Amino acid sequence: MTKSPRKSTRPLLAESELPLRSRPRKRRDPTQPQLLLDPMPARIEPALALLKPKPPKGPEWLYEVKWDGYRLAVHVEPDRVRILTRGGHDWADRFPAIAKEAAGFGTTMILDGEAVVLDEQGRADFGALQRALGGRSGHRRASEAIFYAFDLLYLDGHDLTKLDLAERRHLLEGLIKEHSGVIRLSEELDADPDELLAAACTHGLEGIIAKRRDRAYRSGRVGDWVKIKCIQSDSFFIVGYEPSSAALGGIGRLLLAAYRGDDLVYVGAVGTGFKERDATRLRRDMDKLKTTRAPIELKQKGIVWVQPTLIAEIEYRAWTDDGKLRQASYKGLRERQDNADVFRLTDC
């Protein structure tokens, strides 16, 4: 009779007294194929738009609304979300709703876009965004801000910056086309660009953006992106103010300066557009920066000079022949961390 196998009373892996060891790991064969995954860049310098008086035309261009807010890059990684300003500062704590929603996408990505606060008509309101953030020296959380994404630079381990804009937009639309939460798609506008600009101006928008469909993502102001504004809006240094006992915050007019080369040049003054709370805070900020030395060459009495540190966003209709702003209106202070470009007179 055949005997049945003897049952072991000890676990198989314990029958040897020798320690368990894996086989020696072989060195990777460099000829073997590899997964083409790209490390996420710590930061990508943003592509910027050139200011033009008229929109370019042709099938190679696509058009979008020009949003009036803060340019941001949303970096979503497996264990964190960073929201970077143009200056490279992480504002994820100041845009918590955007950060939370971005983390919920469940993939690695870098979205390029604009954070805005909308008014009752659905228009981006830069002043409202500033107030939501608590002003220039404030640290409030702008939970009411939404993010309009207009480009996708990195997705699921792949660097997309070398792809054409049309390809990047295709992936972006697939990612958030149907999304109507805090993160939304900046829609491509399909119409004649002159008609689009006229409609944007009629509805009180800042203007439109035109972008080359066939270009890779290139940092800086290289001409692939063009902005056309209904009303001019740019950033200028505040270099002084005229005190007034009757005006809001005691500010009669702000004196403004732009760059010419490395020098600051006076470009006029602004005395409208202030809201009472903003004007009071602005006066307090300026009084901390008083100086007896004028930052610009201007012979005018009764001016309180301030160090050129505060950057104001100013709307204006045009430039005068002698290089001054025409029909200027104050919109708010830019954060220094936002790294907004101070206007250079060579841009005129």
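Buried means under 20% relative accessible area, exposed over 50%, and partly exposed in between, with a 1.4 Å probe and protein chains only as cover. Helices (H or I, at least four residues) and strands (E, at least two) are DSSP runs, numbered from the N terminus.

This is a predicted model, in which local features need pLDDT of at least 70 and side-chain atom pairs count only at pLDDT 80 or more, while totals for chains, interfaces and linings use all residues. Residues are numbered from 1 along each chain as its sequence is written, and side-chain values use heavy atoms, with hydrogens and water left out.

**Exercise 1. Work out which residues of helix H3 are buried and which elements cover them.**

Step 1. H3 spans residues 165–176, and its 12 residues reach 16 Å from the first C-alpha to the last, close to the expected 16 Å. That expected span is 1.5 Å times one less than the number of residues.
Step 2. Leu 165, Arg 168, Arg 169, Leu 172 and Ile 176 are buried in H3. They lie on the same side of H3 because they cover an arc of only 100° around the axis, the arc being that of the directions from the helix axis to the C-beta atoms.
Step 3. Turn to the opposite face: away from the buried side, H3 carries the exposed residues His 170 and Gly 174.
Step 4. The cover over the buried residues includes strands E2 (61–65), E5 (109–116), E6 (146–155), E8 (183–185) and E9 (207–212).

**Exercise 2. Trace the open sheet that contains E2: what is its strand order, and which strands stand at the edges?**

Step 1. Two strands pair if DSSP finds at least two bridges between them. With that rule, 4 strands form an open sheet in the order E1-E10-E9-E2, with mixed pairing.
Step 2. E1 (50–51) and E2 stand at the edges with a single partner strand each, so one side of each has no neighbour in the sheet.
Step 3. E1 pairs with E10 (residues 225–229) in the parallel sense over 2 bridges, and Leu 50 stands opposite Val 226 in E10.
Step 4. Helix H4 (residues 193–202) packs on this sheet, touching E2, E9 and E10, and its direction makes about 150° with that of E9. Such angles run from 0 to 180 degrees between N-to-C directions, with axes as lines fitted to C-alpha atoms, for helices over the stretch in contact.
Step 5. E2 is largely enclosed by the rest of the structure, because 5 of its 5 residues are buried.

**Exercise 3. Describe the hairpin of E12 and E13: how many residues lie between the strands?**

Step 1. E12 (residues 251–260) and E13 (residues 263–270) run antiparallel, joined by 7 bridges.
Step 2. Leu 254 has Val 270 in E13 as its bridge partner.
Step 3. The hairpin has 2 residues between its strands, and Gly 261 in the turn has a positive phi of about 65°.

**Exercise 4. Locate Asp 38 and find which residues it touches.**

Step 1. Asp 38 sits in the segment before E1.
Step 2. With a relative accessible area of 32%, Asp 38 is partly exposed.
Step 3. Not counting residues up to four places away in sequence, Asp 38 touches Tyr 154, Gly 157, His 158 and Asp 159.
Step 4. Asp 38 and Asp 159 are 121 residues apart in sequence, yet 6.0 Å apart in space, C-alpha to C-alpha.

Key
Contact means heavy atoms within 4.5 Å.
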